[in-house]
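Student: Could you take me through this model one feature at a time, giving the general idea before the particular case?

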Amino acid sequence: MADSELAQLELFAEIDELVRRLRDFVEAESAWEPLGHCRAILRRLLGRVETLRIRLEAPLVVATFGGTGVGKSSLVNALVGRECTRTGRERPTTTLPVLITHPDTNLESLGLPLSEFEMVRIDSPILRDIVVVDCPDPDTSEGETAGSNLARLRKMLPHCDVLLFVSTQQKYRSARVSDELQQAAEGCRLLFVQTHADRDSDIREDWRRQLAEKYAVPDVFFVDSVRALQDQQVGRRPSGDFARLQDLLTSRIASSQRIQVRRANLLDLIHIAIAHCREHVAANLPAIEKLEAALETQRQRLHDAMTARLRDELVASQGLWERRLLTAVTERWGVSPFSSILRVYSGFGNLIASATLWRARSSVQMALIGVVQGTRWLSSKQQEREAESSLQRAASSLGLEDDLLRESQLVLSGFLRDAKLTTLSSNSKTVQELRQEAARVEGQFLGDAGQRIDGMVENVAKRRSGKLIRAWYETLLLSFIGFVLFRVLKSFFYDSMFAEDLRHDPYLSGAFYINAGVIFVLWSTLLVMMFTRRLHRGLQRQVDQLAADLARQRISAGLFPAWEEACRDIHLHSETLDVLAENARTVRERIATPVQFGAAR
Amino acid sequence: MSSTYAACAEHVRRLHSTARQLEVQSRLLQLPPLAGREWFELLERKLLPQMADDAFLVVAVVGGTNIGKSVIFNHLAGCRASATSPFASGTKHPVCLVPPGFAERHDLPSIFCGFDLHEWSRADAALEDHPEHRLFWRTSDATPSNLLILDTPDIDGDVRVNWERADNIRRCADVLVAVLTQQKYNDAAVKQFFRKAAEEDKAVLIVFNQVLIPDDETFWPIWLHTFCQETGVQPEFVYLAPSDRRAAEENRLPFYVGQVSNKPHETCSLKNDISALHFREIKLRTLRGSLRTVLNPESGFPAYLAEIERRSAEFKSASELLSTHQLAESNDWPPMPNSVVVQEVRLWWQQQREGWTKKVHNFYNAIGSGMLKPFSMLRNRWQGERTPPLEQYRQREWQTILDTVESVYERLRWFAELGNPLLQPRIEKLLGGRSRVELLELLKTRHDLTDLEHEIRDLVAIEMDGVRQDRPQTFQFMKWIDHGAAAVRPVTSVCLFVTGFGPAGHAVHQVAASTALQFAVDIAGGTVSAVAGESAISGAAATSAGFFEARFRRLHARFAAKRASWLARMLKEHLFGDLPDELQMATVVPQSETFQTVRETMGLLESNL
């Protein structure tokens, strides 16, 4: 296989791929109005692309286009070399489009609405590779009513591959015709012809200037159709511009160029449609961005409210902090005299706390108690909440009050409306649903906060219970125990045996033990208190730090996950559109367009 | 004749000025502007200048691009007054030939109002692009007296401003020289232009230019027929100009009379035919034709009036929907906590005390609150810091405000979807996120700033002063009891404290002080029945209790109404803005005096037609 052929096939594959991706894009769902609009456009485009692809190999459809009386039919006759369509001096002459084909051409393969045509079959060399359509004019009808020339013309245009834009000195700046051409030129190659060369002045220079703004104009032909036809009828070869035009249509549009023309048309169509869609989306995207900013603001508001409440409660729950820290420290220290003492104290504390815990007022306190210990409590709380969610939940435990939720919804539905996400905005939530969402958000927040609190507790416990500290407290405690033991041992071993003065009872009395016990309790309490004080130091700052950390953190989901999801979706689609546009552009640049043809810019 | 003429001129003037007034009055209805409406342009450009000054005819050469209008104009001028070019859309500004002395006798700018008049200097000036509408005029000896002959821009090219200029010339013209060719006689743009001319009853001369003689001999009558049938034009004369570029350029193009005959064509002079036209008849005809268009019930001034009426009615329903008085309902307003009201009433009552009563009560109140302090501190410790009742009320009120705002937005949404499409952009703007954020922020700050205590104090003062004036006996009676209470205050206070009622009462204060009767009792220091004998007050209290109950209710209702109207005012100022007022104003246009004047004037003109 030759390289060029391979490249050709590759190009086809790329176009197929492009069309496939377009189809995928069209089939996806979106609640956003502008995207719906784009999909509608692209869906129509795909229909046209499909017919184009089906008849990629069929003869090119060359159609005349121009105001009434400019000599479209005369030009067709001259091109074919025979009188095959009616010309006249009354306006308009042609009302039904005339389809002129070679007798061998398979009409079915063209995909044309054959019932709309007047059919002429002529054996002419020019018709071997193309079919010619003589179209009605766009400028005698005042509106597109059924059966008017304009309506017939517009029905024809999507089937044409090449438009012969015919005009005259009188009509080349006619507004109606140029407006119509702008629509018609989408997905068509163009050839420009000035007729009436026998009577009119050459205005091609001015015409080209007018056209250059919107179209690529490689060539403008200046022809005298009547004379050209006469020449051919008497067997003379036509000359000048007409000969060039006839040559272009007869020999240049060989079967290879035919595919090139169609492919160029197809890509033009895709390019135009996607460009239009992108423009439409881009015009509406700022509203989506505003919505996202608003969602972010509202999310931040919730987050701030929750953080503030969390902070307040953490500061208020001093007792819980103490126990939590003590537990952490004793766990770190393992078994030792002072840690046993600490454990005993915190055990007492927990005993009292457990009573209050079961009626703990807030989930913040729960988070403070810690993940491990709190799991059981949390699950029971969860059940409670589920039961509650169907009823009225009195107030949020984290400051997400109904007002806040409702304000959020009120503001956001306004932005939703701005962004034309109307289908979403109509199903706003009830207060109950909002509360459920809030509970979900709180759950996530608390889970996160709980972990951080655990980390913080660990951290504080570690820093405040270093070896030196431990040694110091252990020593203080042990020194008392040591002293008591010393006294006991001394009185037992020494005083009883070696004491000279036996007037006294050498053994320690019961009162000593009682006193020692009492002092031990007091001493250990003092030590524990000192230690917890130490643990407490700077706790406020730590909590503030924690709150600030939490405030800086972005929460993953807000109250309205569906809306957030929709925004993300829209961005995704808009990016897909950009990628498609880029694809279309590269493919369009790579294909070689036949240079003789003009086209819309 | 001339007297009716003058009267008509007067009516036309009035019609024009009232039309302008109406436009200003009804601008809120967002109707398309008057300028650009065919009837109004005729009124302004044709009837207004020409009713008063009718001694001339305006002849305009009109037609599509590049079909030789300027050639024919030059023929009429007898010289190359207008430049010709092989390229289309050459002539961009009209050129006018004026008979000698005309400019001195008439006011040209008012005849061609809307055009910037320039004296002709060279033929190319009219070809130059310029954003403003210009008109070049020159005095020409060859022009028959009392004729203004104009060359106009095209009516079908891609330079749309040319159409506008041609339309304006068409409106003030009396005679149109329609230049047609076989390519363009059936073009939509051409047909539309001449159809309007026919409706305005202009005299039309048709020139078929670039005719192939003798080939087109059989065709031009068909062209003429089609053209007349499509447009309704009834031409005065028909001419044929052969397709002869050189003759055209040299300004010696022959004109043949367009008649169907076998004889060779006879040349004729377009100019002579034009000067031989019946001036007065044509003038009257075109003025009448224009007046008919102005008074046309389907497309003229009456249609404009109908439009105003219809839209005004639409706006009326919109206006009713948005009326602000139903925005905030005081029925749904949360009640002010009784404790707050009672507290305020007590304060008011304390201000009414005089002399020793005041001293005694103040002394014991001070002692009482001092002794109760530990209890309240204990309570705070036990139950947590309690939100003051006024703050609780503020929160409840905010909820109600949110409810109202939500329902207002709901109503607006409904309105935007079903209501007037003209108002939709404004409503959409109100419904947008930005507006909501701003409104909520504003309401929140204003609501937080509102001094509720001050509000209720003012209201209590007004209401209680009312009581003092309406029922002086009751007031005196209460005062008397108060004196009595002051006399035995040491006893009662000690009793109450010892029995524990004081502290307990303080703790359950909010629940206990919830009925109006207790409020009445409270006024007397909370101890009335203990002091005076049951029988002594039963008579008075029974009646005054009912009275106070009613007063109390009224106080609540008044307060709710006051707050609700505050919200309504805020919403009106900061959400709707001028919209309801504007709507209201827009709905009264059809009842205005101007509207009636127009009706009458049109009736008068109708009878003169």
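**Reading the sheet, the helices and the interface**

Tutor: Let us begin with one pair of strand residues: in strand S4 of chain B, the bridge partner of B:Glu119 is B:Trp137. This is a predicted model, in which local features need pLDDT of at least 70 and side-chain atom pairs count only at pLDDT 80 or more, while totals for chains, interfaces and linings use all residues. Residues are numbered from 1 along each chain as its sequence is written, and chains are lettered from A and ligands numbered from 1 in the order in which they are written.

Student: How many bridges join S3(B) to S4(B), and do these strands run parallel or antiparallel?

Tutor: Helices (H or I, at least four residues) and strands (E, at least two) are DSSP runs, numbered from the N terminus, and two strands pair if DSSP finds at least two bridges between them. Here S3(B) and S4(B), the latter covering residues 134-139, run parallel and are joined by 4 bridges.

Student: In what order do the strands of the sheet follow one another?

Tutor: The sheet is open and mixed in its pairing, with 9 strands of chain B in the order S3-S4-S2-S5-S1-S6-S7-S8-S9. Its edge strands, each of which pairs on one side only, are S3 (116-119) and S9 (256-257) of chain B. Further in the listed order, S6(B) and S7(B) pair in the parallel sense over 6 bridges, and B:Ala178 stands opposite B:Ile206 in S7(B).

Student: How many residues of S7(B) are buried?

Tutor: A residue is buried if 20 or more other C-beta atoms lie within 10 Å of its own, exposed if 12 or fewer, and partly exposed in between, with C-beta atoms placed from the backbone. By that count, 9 of the 9 residues of S7(B), residues 203-211, are buried, whereas in chain B as a whole buried residues make up 36% of the 609 residues.

Student: Why does B:Thr450 count as partly exposed?

Tutor: B:Thr450 counts as partly exposed because 14 C-beta neighbours lie inside 10 Å. This residue is in the loop between H17 (433-449) and H18 (452-470) of chain B, and its C-alpha is 9.4 Å from that of B:Arg394, although B:Thr450 and B:Arg394 are 56 residues apart in sequence.

Student: At what angle do the axes of H17(A) and H18(A) cross?

Tutor: Axes are lines fitted to C-alpha atoms, for helices over the stretch in contact, and angles run from 0 to 180 degrees between N-to-C directions. The axes of H17(A), residues 467-498, and H18(A), residues 510-536, come within 10 Å and cross at roughly 175°. These two helices are therefore roughly antiparallel, a term for angles over 145 degrees. Residues that meet there include A:Phe480 in H17(A) and A:Trp523 in H18(A).

Student: How many residues of chain A are in contact with chain B?

Tutor: Two residues are in contact if their C-beta atoms, placed from the backbone, lie within 7 Å, and on this basis 36 residues of chain A are in contact with 39 residues of chain B. The largest share of the chain A side, 9 residues, comes from H14(A). That side divides into 9 nonpolar, 11 polar and 16 charged residues, where Ala, Val, Leu, Ile, Met, Phe, Trp, Tyr, Cys and Pro count as nonpolar, Asp, Glu, Lys and Arg as charged, and the others, Gly among them, as polar.

Definitions and conventions
Angles under 35 degrees count as roughly parallel, over 145 as roughly antiparallel, 65 to 115 as roughly perpendicular and the rest as oblique.
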